[in-house]
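Reader: I would like to learn how to read a model of this kind, feature by feature. Could you take me through the general idea each time, and then through the case at hand?

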Amino acid sequence: ASGSGGASGSGGASGSSGGGAGAQCPPGLPGAPTVLVPTLSGGHYCVDSTEVTQLHYELFLQAKPSTAGQPGECAANASFVPQSVAPGKCYDSGGTFNPWQYPNRPVVCVDWCDAAAYCKWAGKRLCGKVDGGPADAAKLADAHQSEWYNACSKGGTQAYPYGDAWDYNACPYGDQPPEPVKTYPNCVGGFPGLHDMSSSAAEWEDACTASGCVVRGGSSAVSPTTVRCDALEFLPRAKGYGAVGFRCCAETGGK
């Protein structure tokens, strides 16, 4: 298996990055430090600088979160434990969930409901519509509408987070399992401070239809087309996948 834990990207106080008319990301939230991202309308919101790691997720599990109070569509979700854990239903090429051995690998094999619950626990939300709420599944390549797409594409100005042309060497294309976050120093953008929005693990988004919920960013074993910022796939909400993780968004302390 490629990649080991390392010391990058573990929990700690969240911060802000970039500027913006008094807007600031809330300090001290669990998980990855957050990055201040501008909207096309002049506002701001905050995005996790990396995908949620196994260590971040383990701290959530250690808090013994209740499965009560989930959205109605998640009422059947009786456990937040990643589905790679035995008896397991999800194939993770990195092995079962092991935050002690691989603390900084993106957590995978979590379903949409698990991801939403973690973000809520962390005082954040699963990235959805600019200005809050679920994103419109018909407008996910619109930087005015989708928080995830706006952040990845630098306000809709580029195809990949690092630029407009695909760069095989920029991100961990072809690596399995997902490398620890921030392993590839050029896998950055669309705004300064954001990492691994292309390849690595795909990411759940708060954008769902009757057929499933959106995942973004592709994964390590896919083509240049499927790791573009505007690429997406709908997957069943209640199933975990060995190449799908997530990151969170949050409101700012000011607009």
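Reader: In which sense do β3 and strand β8 pair, and over how many bridges?

Author: Before the answer, a word on the basis: this is a predicted model, in which local features need pLDDT of at least 70 and side-chain atom pairs count only at pLDDT 80 or more, while totals for chains, interfaces and linings use all residues. Residues are numbered from 1 along each chain as its sequence is written, and side-chain values use heavy atoms, with hydrogens and water left out. Strands (E, at least two residues) and helices (H or I, at least four) are DSSP runs numbered from the N terminus, and two strands pair if DSSP finds at least two bridges between them. Here β3 and β8 (residues 248–250) are antiparallel, with 2 bridges, and Leu-126 has Cys-248 as its bridge partner in β8.

Reader: What is the strand order of the open sheet, and which strands form its edges?

Author: The open sheet of 4 strands runs in the order β1-β2-β8-β3, with antiparallel pairing. Its edge strands, β1 (34–38) and β3 (125–126), each pair on one side only. Between β1 and β2 there are 5 bridges in the antiparallel sense, with Pro-38 opposite His-44 of β2. In the hairpin of these two strands, which has 5 residues between them, Gly-42 takes a positive phi near 100°. On to the next pair, β2 and β8 run antiparallel and are joined by 2 bridges, and Val-47 has Cys-249 as its bridge partner in β8.

Reader: How should I read the two faces of β2, and are they covered or open?

Author: In a regular strand the side chains alternate between the two faces of the sheet. The word buried stands for under 20% relative accessible area, exposed for over 50%, and partly exposed for what lies in between (1.4 Å probe, protein chains only). In β2 (residues 44–48), 5 of the 5 residues are buried, so the strand is largely enclosed by the rest of the structure. His-44, Cys-46 and Asp-48 lie on one side and Tyr-45 and Val-47 on the other, so placed that both faces are covered.

Reader: How many residues of α1 are buried, and against what do they pack?

Author: An α-helix has 3.6 residues a turn, so residues three or four places apart point the same way. In this model α1 (54–62) is mostly covered, with 7 of its 9 residues buried, among them Leu-55, Tyr-57, Phe-60 and Leu-61. The buried residues of α1 pack against α2, where contact means heavy atoms within 4.5 Å. After α1 comes Lys-64, whose phi is positive, near 55°.

Reader: Which residues have the most contacts inside the largest nonpolar core, and which element gives the most to this core?

Author: A nonpolar core is a set of buried Ala, Val, Leu, Ile, Met, Phe, Trp, Tyr and Cys residues joined through side-chain atoms within 4.5 Å. The largest has 27 residues, and those with the most contacts inside it are Tyr-57, Trp-112, Tyr-118, Trp-204 and Phe-246. The element that gives the most is α2, with 7 residues. Leaving aside neighbours within four places in sequence, Trp-112 is in contact with residues including Leu-126, Trp-204, Cys-213 and Arg-237. A second, separate core of 15 residues includes Ala-151, Leu-194, Cys-229 and Cys-249.

Reader: What is the volume of the largest pocket, and which residues are closest to its centre?

Author: On a 1 Å grid over the protein atoms alone, a pocket is an open set of points with protein on both sides within 12 Å along at least five of seven lines, and lining residues have an atom within 4 Å of a point. Grid points are joined across faces, edges and corners, and a volume is the space filled by probe spheres set on the points. The largest pocket holds about 430 Å³, and of its 27 lining residues Pro-71, Trp-112, Ala-116, Ala-117 and Lys-120 are the closest to its centre. Here too α2 gives the most, with 7 residues of the lining.

Definitions and conventions: On a 1 Å grid over the protein atoms alone, a cavity is a set of points where a 1.4 Å probe fits but cannot get out, and a pocket is an open set with protein on both sides within 12 Å along at least five of seven lines; lining residues have an atom within 4 Å of a point.
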